[in-house]
Each structure stands twice: as C-alpha cells, then as structure tokens.
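Take a walk through this structure. We go through its pockets and then its core.

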Amino acid sequence: MELVAVTLDCANPEALAEFYREATGFELHPKSGPDFAGLNRADGLFLGFQRVDGYQAPQWPAQTVPQQIHLDFKVVDLDQAEAKLLALGATKPDYQPAGDWFRVLIDPAGHPFCLTLR
C-alpha cells in the first residue's frame, strides 16, 4: 500500500493551494479550481484542498473544533522556515509544546502544521 494523496477541507481551495505551493515548491495541478485545488510533488504525492460550505477552522491547542489532521514538514533551519511561512500568511500560536526541535504554525485556513528538524 502506498499513500498517494492527502486532502484538506477549507473555504478557499485556490488560496490555500497557493500558500502551500509557495511554501513547498510543489506544482499546481492543472485542473485546480474554486471547489478543489491540488499540488503535485515530483514523486507523485498529491496534496489537495476541497471547498466545504460552512468550513470551521480547527482550534489550536483547544479541541473545540478538532484539528483532525495536521501536516509535518522537515526543514533544515526552523527560524528560516518559520520566517518564510509567516511572510506567506501563516501565523504562530503562543502555545508551542516542543521548544527547540519543532514548531507549530497555522496555515491561512486555520490548519495547524509542524516544522520539524527530524
């Protein structure tokens, strides 16, 4: 069995795809549109974004609206990666559970994701 795709719910698939395209360098899927957008990685992994009416962003660290899924990204330099992502529209919550080896950020649609040195 091989994982080939991960899809996140959101209110604006095109905007969230653009955030992650800029963050990762993945290629925009040619059939992306207002209801479903996606990114392709060279090895075939697909990262998708689907529009959900009435979408509610997860709450971090509270679970009043559970995060349900989060992505982890391996980086070489936490400070450099964080600065780039904040400039692209991510936010950094006050609660950071791991100190020096990973950081939690929030994408523009409210999904928590982690930057890790592992």
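How do the residues of the lining of the second largest pocket divide into nonpolar, polar and charged? The model is a predicted one. In it, that lining has seven nonpolar residues, five polar and one charged. The pocket holds about 170 Å³ of space. Its lining counts 13 residues. Nearest the centre lie Asp9, Tyr55, Gln67, Gln68 and His111.

Now turn to the largest pocket. Its volume is about 250 Å³. There are 15 lining residues, and Ala23, Phe73, Val75, Ala81 and Leu85 are the closest to the centre. Helix 1, strand 5 (71-74), helix 2 and strand 7 each give two or more residues to this lining. Helix 2 supplies the largest share, four residues. By class, the lining of the largest pocket has ten nonpolar residues, two polar and three charged.

Next comes the core. The largest nonpolar core has 23 residues. Tyr20, Phe49, Phe113 and Leu115 have the most contacts inside it. Several elements give two or more residues to this core: strand 1 (5-10), helix 1 (13-24), strand 3 (36-40), strand 4 (46-51), helix 2 (78-88) and strand 7 (112-116). Helix 1 gives the most, with four residues.

Finally, look at Phe113. Leave aside its neighbours within four places in sequence. Phe113 is then in contact with Phe19, Tyr20, His70, Leu71, Phe73, Leu85, Ala90, Arg103, Val104, Leu105, Ile106 and Asp107. Two of these partners, Phe73 and Leu85, are also among the residues closest to the centre of the largest pocket.

Notes: Residues are numbered from 1 along each chain as its sequence is written. This is a predicted model: local features need pLDDT of at least 70, side-chain atom pairs count only at pLDDT 80 or more; totals for chains, interfaces and linings use all residues. Side-chain values use heavy atoms; hydrogens and water are left out. A nonpolar core is a set of buried Ala, Val, Leu, Ile, Met, Phe, Trp, Tyr and Cys residues joined through side-chain atoms within 4.5 Å. Buried means under 20% relative accessible area, exposed over 50%, partly exposed in between (1.4 Å probe, protein chains only). Contact means heavy atoms within 4.5 Å. On a 1 Å grid over the protein atoms alone, a cavity is a set of points where a 1.4 Å probe fits but cannot get out, and a pocket is an open set with protein on both sides within 12 Å along at least five of seven lines; lining residues have an atom within 4 Å of a point. Grid points are joined across faces, edges and corners, and a volume is the space filled by probe spheres set on the points. Ala, Val, Leu, Ile, Met, Phe, Trp, Tyr, Cys and Pro count as nonpolar, Asp, Glu, Lys and Arg as charged, and the others, Gly among them, as polar.
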